[in-house]
Amino acid sequence: METSSRELQAAEYLEKHHIKELVSYLTSALLFFRPEKPKEYLISLLERLRIAKVTGVAFPFFMDNSNIVAMFEMMDSSGRGTISFVQYKEALKTLGLSTEDEDLQDDGHKITLDKFKEEVNKRMKEICEKTKGKDSESYQTAAGLLLLH
């Protein structure tokens with residue numbers, strides 16, 4: 001009984017402080033850029049997040065359209081112009097644009113680059129709209145939502 005209470009408290013703590021989203025964002029950035037010194041890179045990234053939160057200056061978004069295309073092309077290694085629904089779903093999770101409990105429905109169609117870009121941009125816009133009146137052009141990042149809490 002004690003353990004489940006502690007587990008619940010831990011889960012509530014992680015949710016309250018958006019720790020899962022932060023870790024997902026950091027992991028995504030790390031895998032995308034693959035820096036020579038990953039620990040130093042993560043420290044630098046966390047410091048930039050802290051500065052952005054303190055100053056109110058927008059944190060730069062690391063995924064522009066060319067990055068989205070590059071990510072899609074990595075998943076579409078055969079060059080067919082489509083990815084599977086499973087790849088699509090995992091990419092959204094990796095980018096912090098989908099939650100574990102979100103039930104994405106597979107309509108049976110392969111995901112094209114245009115559909116992938118459209119969905120990533122739509123989800124980013126939804127996150128920007130949750131920035132409580134902040135300029136959405138300045139907050140084009142999932143990390144932007146993390147900074148507001």
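Phe 85 and Tyr 88 sit 3 residues apart in helix α5 (residues 85–94), so about one helical turn separates them. Helices here are DSSP runs of H or I with at least four residues, strands are runs of E with at least two, and both are numbered from the N terminus. The model is predicted: local features need pLDDT of at least 70, side-chain atom pairs count only at pLDDT 80 or more, and totals for chains, interfaces and linings use all residues. Residues are numbered from 1 along each chain as its sequence is written, and side-chain values use heavy atoms, leaving out hydrogens and water.

Now step back to the whole chain. It holds 7 helices and 2 strands. From the N terminus on, their order is α-α-α-α-β-α-β-α-α. Of its 149 residues, 30% count as buried. Buried means under 20% relative accessible area, exposed means over 50%, and partly exposed lies in between (1.4 Å probe, protein chains only).

Next come the aromatic rings. The whole structure has 2 aromatic pairs. Rings of Phe, Tyr and Trp (its six-membered ring) pair if their centres lie within 6.5 Å; planes under 30 degrees apart are stacked, over 60 edge-to-face, and the rest tilted. Phe 72 and Phe 116 make a tilted pair, 5.8 Å centre to centre with 45 degrees between the planes. Phe 72 belongs to helix α4 (residues 65–75) and Phe 116 to helix α6 (residues 113–129), so the pair ties together parts 44 residues apart in sequence. Phe 72 is buried at 2% relative accessibility. Phe 116 is buried too, at 0%. Phe 85 and Tyr 88 form a tilted pair as well, with 5.7 Å centre to centre and 45 degrees between the planes. Both of these residues are buried.

Turn to the loop between α1 and α2 (19–33), where His 18 has its place. His 18 is not a glycine, yet its phi is positive, at about 55 degrees. It is buried, with a relative accessible area of 16%.

Finally, look at the surface. Glu 12, Glu 15, Glu 21 and Asp 101 gather there in a patch of negative charge. Such patches take residues with over 30% relative accessible area and no salt bridge; like charges are joined within 9 Å, and nonpolar side chains (Val, Leu, Ile, Met, Phe, Trp, Tyr) within 5 Å. A salt bridge puts a side-chain nitrogen of Lys or Arg within 4 Å of a carboxyl oxygen of Asp or Glu. Glu 12 lies in helix α1 (residues 2–16). It is partly exposed, with a relative accessible area of 47%.

Key:
Accessible areas come from the Shrake-Rupley method with a 1.4 Å probe; for residues, only the protein chains shown count as cover. Lys and Arg count as positive and Asp and Glu as negative; His and the chain ends are not counted. The place of a charge is taken as NZ of Lys, CZ of Arg, CG of Asp or CD of Glu.
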